[in-house]
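Work through the exercises below with the sequence and the model open side by side. Try each task before reading its solution.

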Amino acid sequence: MFNIFLLFSLDSILSYFYNKDLFYNIFSLTKTKLSNNIVNAICFKILNNVLGNIQHNSIRTGEFTMNILIIGCGQLGSRLANVLDKQGHDISIIGSSQTMTDLLDDDFSGLTIPGNPIDSDVMKSAGIEGCDYVICVTESDNTNLMAAQVAKHIFHIDKIFVRVLDPVKCHVYKQMDISTISPTSLAFESICSAIFNTSGNKIVTLGKSSVAITTTPYEKWMHGKLISDIEYVKKYKLIGYLDENDRFLIFNHENDRKIEKTDRFVFTAIIE
């Protein structure tokens, strides 16, 4: 293993999780080893931030406690269960007896159900019919997919979060209208962003493709040119620019003008 700087912004990851933003505003710097523990830590932070955001938004309605079923009691599932339990939520978790004994805290007050994570009777025993959220985080993508299908189609649960290690499979979940988190994609994007200039370049995964997004400041060769003159630079296409007030504006020919020295241009290109 090797040490590498991984850059994460929970706010931008949350935006990515809800598919509301294509861009990453990565600002938090952590020096660590790339390992399964990092993958689990990424997923944990995403899910905990998502659920924390939901809880914060529920203050207006007076609903502070969520009923959450976690399917999978590995490093990620157990950590989520322990933390969310301490936050006062009603937690049920399905896993093997051994892992629940080894990984759940001694003071864990939630419901533990040993058994097959895709068995509907096991899910009933875990109280899925009264759940607000189902989180599928076993070590198997196929198991997570099947568990999500059972939760959605048999028990009619709408709010399902699924960890997917293979990013190629994410489109399957998207077709089912199930939210996914791919730690493989997140780690890949962060490593590439760290390698290819942490301040100006980002790599994001969209479907089956990886897309580079790069920010370029004003350069001398741009003097006297219109923005439309640099719409295509080699394989890169201009998608917008940041003006002197740091506002991002999507480029179109209706707002074409002469390039100013304070402009910063955002280009994108498919890299695979």
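**Exercise 1. Which strands does H6 lie across, and at about what angle does H6 run to E7?**

Solution. First, the ground rules. The model is predicted, so local features need pLDDT of at least 70, side-chain atom pairs count only at pLDDT 80 or more, and totals for chains, interfaces and linings use all residues. Residues are numbered from 1 along each chain as its sequence is written, and side-chain values use heavy atoms, with hydrogens and water left out.

Step 1. Find the elements. Helices (H or I, at least four residues) and strands (E, at least two) are DSSP runs, numbered from the N terminus.

Step 2. Read off the strands. H6 lies across E3, E6 and E7.

Step 3. Take the angle. H6 runs at about 170° to E7. Axes are lines fitted to C-alpha atoms, for helices over the stretch in contact, and angles run from 0 to 180 degrees between N-to-C directions.

**Exercise 2. Which residues of H6 are buried, and what do they pack against?**

Step 1. Apply the cut-offs. Buried means under 20% relative accessible area, exposed over 50%, and partly exposed in between (1.4 Å probe, protein chains only).

Step 2. List them. The buried residues of H6 are Asp141, Thr143, Asn144, Leu145, Ala147, Ala148, Val150, Ala151 and Lys152.

Step 3. Find their partners. They pack against E3, H5, E6, E7 and H7. Contact here means heavy atoms within 4.5 Å.

**Exercise 3. Which residues touch the most other members of the largest nonpolar core?**

Step 1. Define the core. It is a set of buried Ala, Val, Leu, Ile, Met, Phe, Trp, Tyr and Cys residues joined through side-chain atoms within 4.5 Å.

Step 2. Among the 25 residues of the largest core, Val134 and Ile160 touch the most other members.

Step 3. Elements giving two or more residues are E3 (67-71), H5 (120-125), E6 (133-136), H6 (141-154), E7 (160-163) and H7 (170-175). H6 gives the most, with five residues.

Step 4. Beyond four places in sequence, Ile160 touches Val134, Cys136, Ala148, Ala151, Lys152, Ile178 and Ser179.

Step 5. Note the second core. It is separate, has 17 residues, and includes Ile91, Ile93, Phe108 and Phe161.

**Exercise 4. What is the strand order of the open six-stranded sheet?**

Step 1. Trace it. The order is E5-E4-E3-E6-E7-E8, with parallel pairing. Two strands pair if DSSP finds at least two bridges between them.

Step 2. Neighbouring strands are turned by 15° against each other on average, direction ignored.

Step 3. Check one pair. E3 and E6 share four bridges. Ile70 has Ile135 in E6 as its bridge partner.

**Exercise 5. Which strands does E12 pair with in the antiparallel sense?**

Step 1. Take E11. E11 (232-233) and E12 (236-242) pair over two bridges. They form a hairpin with two residues between them, and Lys234 in the turn has a positive phi of about 55°.

Step 2. Take E13. E12 and E13 (248-250) pair over three bridges. Their hairpin has five residues between the strands.

Step 3. Take E14. Five bridges join E12 to E14 (264-270). Leu238 stands opposite Phe267 there.

**Exercise 6. Is Asp243 buried or exposed?**

Step 1. Asp243 is in the loop between E12 and E13.

Step 2. Read its area. At 7% relative accessible area, Asp243 is buried.

Step 3. Find its polar partner. The Asp243 side chain makes a polar contact with the Arg247 side chain at 2.7 Å. Such a contact is a pair of N or O atoms within 3.5 Å; within protein, one must be able to donate a hydrogen and the other to accept it, and residues adjacent in sequence count only if both atoms are side-chain atoms.

Step 4. Leaving aside neighbours within four places in sequence, Asp243 is in contact with Leu249, Thr262 and Asp263.
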